Structures are given as C-alpha cells and as structure tokens.
Amino acid sequence: MNDSIVLITGGGSGIGKSTALALAAEGATVLIADVNLDSAQSVADQVTEGGGTAAAYACDVSSHENLSQLFTSIDSHWGRLDGAVNNAGITGPIGPLESVDPEAISSLISVNLLSVLYCMQFEIDLMKRASKGAIVNTCSIWGLNGSANYVAYSASKHGVAGATKSAALETATDGIRINAVCPGFVRTPMNMQSGLSLDEDQAALRAREALHPMDRFGEPEEIAAGISFLLSEKASFITGHLLSVDGGFVV
Ligand code: NAI
C-alpha cells in the first residue's frame, strides 16, 4: 500500500477504523470520512501519532451534496485516489417488514446502498484519470443470505453485492478493480446496538456466535485484513468478487 491514497468511509469506528489503522501501517495515506468528525479525527490522530499520514473529513454519505464536497476536496488537495473502502453503514429498522417505518427503510437504503453507488461514481471518475485503482465495498453475510427481521438491511446489502459485481464489469478494462467483503457478525459498536447487549444477554450472544461454524464473532481486524488484501496488488487479477470473511457462515 506504500504511497497509496485510500479513502475509508465510516472510518471512525469498528471495521472502518481497523481498516484505516491497518492500511496506514502498510504505508498508505488514509482519508477517513465519517458523519462523526470527532471519531474520524481521533483515528487520524492515532495514525499520525504512529508516524503515518491521515486526514479526517466530516461527511454524511447519505447526502449527495456532502459526497460531492468530499470528492472535490480530495481532488483539489490530494489530486488522486488509489483506493477506496465504501464501508459506512447502519443496521436500521429491526422487526417484521410490515411493522417497519417506511422512513427508516428509506434512510437505511440511502446510507447503505445509494451512498455506495454515488461513491463509486466519484471514485471511478478519479481513478480513470490514472487508469488504476481499487475499490472495496463492505457488504455482509446478509448480502448473500436472507435474514428475517432485517429485510431492509439485507436488501441494501444484496444491492451492494449487485453494484459491486456490475461496476466491476464496467471498469474491468480501465485498470480499476472492484470487490466486496462480506463479514459475518463482527465485534463492533454496530453489533452491540442491534438489539443485542453483549453484557446483558449472554444467551443471545452465544446463539448468534454459534451461527458461525467457527463458533465465534469476527474481530474488526480480521475484516480489515480481507479489505487490505483486496486493495493490494496481491489481488491484481481479482475483480467483481464477494469475499466472505465470516468464520464459515456462508458456505
Ligand atoms: P460501526 O457502527 O462500528 O461503524 C460504522 C461507522 O460508520 C461509524 O463510525 C459511523 O459514524 C459511520 N456512519 C454511519 N452512518 C454514516 C453516514 N451516514 N455517513 C458517514 N458515516 C456514517 O459499524 P461496523 O460494524 O464497523 O460496520 C461497518 C460496515 O460493516 C457497515 O457497512 C456494516 O453494515 C458492515 N457490516 C458489519 C457487520 C458487523 O457485524 N458489525 C457485519 C457485516 C457487515
């Protein structure tokens, strides 16, 4: 990743944060965009304190206007983009589809799916100028399997899977590779807020862990390792791939 400039959305927490730290440790300049600027800045500070290069950006990925400003800033300040991790996401409404607030469905689709489509538009534009680049979208096991009570989330992630494969086909001869990681349940703040308290409900925790043949949650660093691989030259002949990093959940 040496000398690469890589954008990570949702880089202030969980998988995005671990990815930013991992890529920075490999020599990348990391641009951390998050709706929570404080958390993005704190990750950027951690990188710079460790001798790396990082910048933090406030950006709500569900706003096209915010994204337009973000990519204009990146273009004018850095002049290029070698890699991008479209990772920001939320779990959104939980429960049977007919009981879910339509507004919540709409905002979930905006954050989890429309943002990935819009980000890829800006990223492909920038990367085409250099005839090279790599994009990794954060999908999910629920982008491959269905999930009762998470219909909107699962639909958004199936959309990310389709967008990844289709955009990869469009850019295959442009030197741009586009892939996705599909994590199982990962020990991040998102998981702790999705109806499961890791402290209070040990039975629910165990049941969810046991869905993974490896009988444990993933760690954010393990997802970051998959993302880092897909961004790197080691994956130079891989595009349109959905990489499961899920302890055997989807086989
Ligand atoms: P997290 O909640 O720890 O981190 C998500 C980050 O995205 C936060 O920093 C948050 O501020 C940011 N964010 C949320 N909405 C945003 C917006 N509108 N604009 C910009 N930033 C925004 O979550 P986690 O677990 O690290 O999730 C990252 C990605 O991984 C998501 O796309 C999620 O769907 C996916 N994923 C997570 C799994 C898990 O078990 N934690 C499993 C499978 C996929």
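**Briefing: helix packing, core and ligand shell**

The model is a predicted one. The largest nonpolar core has 71 residues, and 29 residues surround the ligand.

**Helix α5**

- The buried residues of α5 are V151, A152, Y153, S156, K157, V160, A163, T164, A167, A168 and T171.
- Helix α5 covers residues 151–171, and its 21 residues should span 30 Å at 1.5 Å a residue; the end C-alpha atoms are 30 Å apart, so the two values agree.

**Helix α2**

- Helix α2 (residues 37–49) has 13 residues, and the distance from its first C-alpha to its last is 18 Å, close to the 18 Å expected at 1.5 Å a residue.
- Its buried residues are S39, A40, V43, A44 and V47.
- Viewed down the axis of α2, these buried residues fall within an arc of 140°, so they line one face of the helix.
- An α-helix has 3.6 residues a turn, so residues three or four places apart point the same way.
- The buried residues of α2 pack against α1, β2 (29–34) and β3 (54–58).
- Exposed residues D38, D45 and E49 sit on the face of α2 turned away from its buried side.
- Just after α2, G51 takes a positive phi of about 95°.

**Nonpolar core**

- Within the largest nonpolar core, the residues with the most contacts are V6, V30, L31 and I32.
- Helix α4 (residues 102–130) supplies the largest share of this core, 10 residues.
- Apart from neighbours within four places in sequence, V30 is in contact with V6, I8, A20, L23, A24, V47 and A54; of these, V47 is among the buried residues of α2.
- In soluble globular proteins, nonpolar side chains tend to be buried together.

**Strand residue A56**

- A56 is located in strand β3 and counts as buried because it has 24 C-beta neighbours inside 10 Å, where 20 or more are required.
- Leaving aside neighbours within four places in sequence, A56 is in contact with I32, L37, A40, Q41 and A44; A40 and A44 are among the buried residues of α2.
- The C-alpha atoms of A56 and N112 are separated by 21 Å, with the two residues 56 apart along the chain.

**Ligand shell**

- Among the 29 residues around the ligand, G10, G14, G89, T188 and M190 come nearest.
- Helices α1 (14–25) and α6 (189–193) are the elements that give two or more residues to this shell.
- By residue class, the shell holds 12 nonpolar, 15 polar and 2 charged residues.

**Loop residues**

- S99 is found in the loop between β4 (83–86) and α4, and is exposed because 9 other C-beta atoms lie within 10 Å, under a limit of 12 or fewer.
- The C-alpha atoms of S99 and N149 are separated by 9.7 Å, although the residues are 50 apart along the chain.
- Most residues other than glycine have a negative phi.
- S131, a residue other than glycine, has a positive phi near 55°; S131 lies in the loop between α4 and β5 and is exposed, with 10 other C-beta atoms within 10 Å.
- D215 is not a glycine either, yet has a positive phi of about 60°; D215 lies in the loop between α7 (202–210) and α8 (220–231) and is exposed, with 11 other C-beta atoms within 10 Å.

Notes:
Residues are numbered from 1 along each chain as its sequence is written. This is a predicted model: local features need pLDDT of at least 70, side-chain atom pairs count only at pLDDT 80 or more; totals for chains, interfaces and linings use all residues. A nonpolar core is a set of buried Ala, Val, Leu, Ile, Met, Phe, Trp, Tyr and Cys residues joined through C-beta atoms within 7 Å. Helices (H or I, at least four residues) and strands (E, at least two) are DSSP runs, numbered from the N terminus. Two residues are in contact if their C-beta atoms, placed from the backbone, lie within 7 Å. A residue is near a molecule or strand if its C-beta atom, placed from the backbone, lies within 6 Å of it. Ala, Val, Leu, Ile, Met, Phe, Trp, Tyr, Cys and Pro count as nonpolar, Asp, Glu, Lys and Arg as charged, and the others, Gly among them, as polar. The expected span of a helix is 1.5 Å times one less than its number of residues. The arc is that of the directions from the helix axis to the C-beta atoms.
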